[in-house]
Amino acid sequence: MQHPAVPELAHNTTRPIHWLATAAALAAVIAGSSFLQPDPANAAQPGSRPSGKTAAAAPAPAPDAAGVTYPITCGSVKPVVKKKASGDLDGDGAPETVAVVHCAAGSGTPPDGVYVVTRATGGKPRVVATLVDPKDRQNVSDFAVRAGVITATLHGYSSPDVPSCCPDLKDEAKWQWKDGTFARSTPAGAHSV
């Protein structure tokens, strides 16, 4: 016969007093929990309002880049929004939209313009800044708006003799709202590819 590692316990048989002590402890826990309740939940279903409280106004949507007249001359074709991104650029709590726009050419590489669009007091979106003018013959890639900063990679040409298909200059650009204007924090000037 093998001896147990732990000696026999004196209370290995349950008696009515054990059941009574367990029931009393459980009753005390249940009674105590009725006094210690968590705070009432504040969540609400979408579209519902808690009684006595007014819902905060939803932030205005970013301006639609499609319904804007851009300062770009396209002749008989229309301007096309190539890329767009939104964010609060000037810290007023309302989002602006930055649009990369070019003329809808059937072939070739039309130059891009980069424009900042805001919603006017009347609600109609309008262009408030031109960051890249199509007259500068540049194309935009790696375009983003993050934390109030606009970044883009600009591809350009070292001379009018360089074919439009093959830009030979590359420049990283970054703009941020400072002192009432969009300031370019990376120096203008192209670097060869």
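The following dialogue explains how terms are applied to a predicted model of one protein chain.

Visitor: What makes a residue or a pair count in this model?
Guide: The model is predicted, so local features need pLDDT of at least 70 and side-chain atom pairs count only at pLDDT 80 or more, while totals for chains, interfaces and linings use all residues. Residues are numbered from 1 along each chain as its sequence is written, and side-chain values use heavy atoms, with hydrogens and water left out.

Visitor: How many helices and strands are there, and how are they defined?
Guide: The protein chain has one helix and nine strands. Helices (H or I, at least four residues) and strands (E, at least two) are DSSP runs, numbered from the N terminus. In order, the elements run α-β-β-β-β-β-β-β-β-β.

Visitor: Why is Gln138 called buried?
Guide: Buried means under 20% relative accessible area, exposed over 50%, and partly exposed in between (1.4 Å probe, protein chains only). Gln138 has 18% relative accessibility, and therefore counts as buried. Gln138 lies in the loop between β4 and β5. Of the 193 residues of the chain, 27% count as buried.

Visitor: Which residues are in contact with Gln138, leaving aside its neighbours within four places in sequence?
Guide: Contact means heavy atoms within 4.5 Å. Gln138 is in contact with Pro111, Asp112, Val132, Leu154, His155 and Gly156, its neighbours within four places in sequence being left aside.

Visitor: Why is β2 described as largely enclosed by the rest of the structure?
Guide: Eight of the eight residues of β2 are buried, and therefore the strand is described in this way. In a regular strand the side chains alternate between the two faces of the sheet. In β2, Glu96, Val98, Val100 and His102 lie on one side, Thr97, Ala99, Val101 and Cys103 on the other, and all are buried.

Visitor: How do you know which strands pair with β2?
Guide: Two strands pair if DSSP finds at least two bridges between them. Strand β1 (residues 79-87) and β2 share eight bridges in the antiparallel sense, and Lys83 has Val100 of β2 as its bridge partner. β2 and β3 are joined by five bridges, also antiparallel; here the partner of Thr97 is Val117 in β3.

Visitor: What makes a group of residues a nonpolar core?
Guide: The group must be a set of buried Ala, Val, Leu, Ile, Met, Phe, Trp, Tyr and Cys residues joined through side-chain atoms within 4.5 Å. The largest such core has 18 residues, and those with the most contacts inside it are Val98, Val116, Phe143, Ile150 and Trp175. Apart from this core lies another, of ten residues, including Ala65, Tyr70, Val101 and Tyr115.

Visitor: Why is the pair of Tyr70 and Tyr115 called tilted?
Guide: Rings of Phe, Tyr and Trp (its six-membered ring) pair if their centres lie within 6.5 Å; planes under 30 degrees apart count as stacked, over 60 as edge-to-face and the rest as tilted. The centres of Tyr70 and Tyr115 are 5.3 Å apart and the planes stand at 40°, so the pair is tilted. Tyr70 is in the loop between α1 (16-35) and β1, Tyr115 is in strand β3, and 45 residues separate them. Tyr70 is buried at 8% relative accessible area, and Tyr115 is buried at 0%.

Visitor: What kind of pair do Trp177 and Phe182 form?
Guide: Their ring centres are 4.9 Å apart and their planes at 70°, so the pair is edge-to-face. Trp177, at 33% relative accessibility, counts as partly exposed, whereas Phe182, at 14%, counts as buried.
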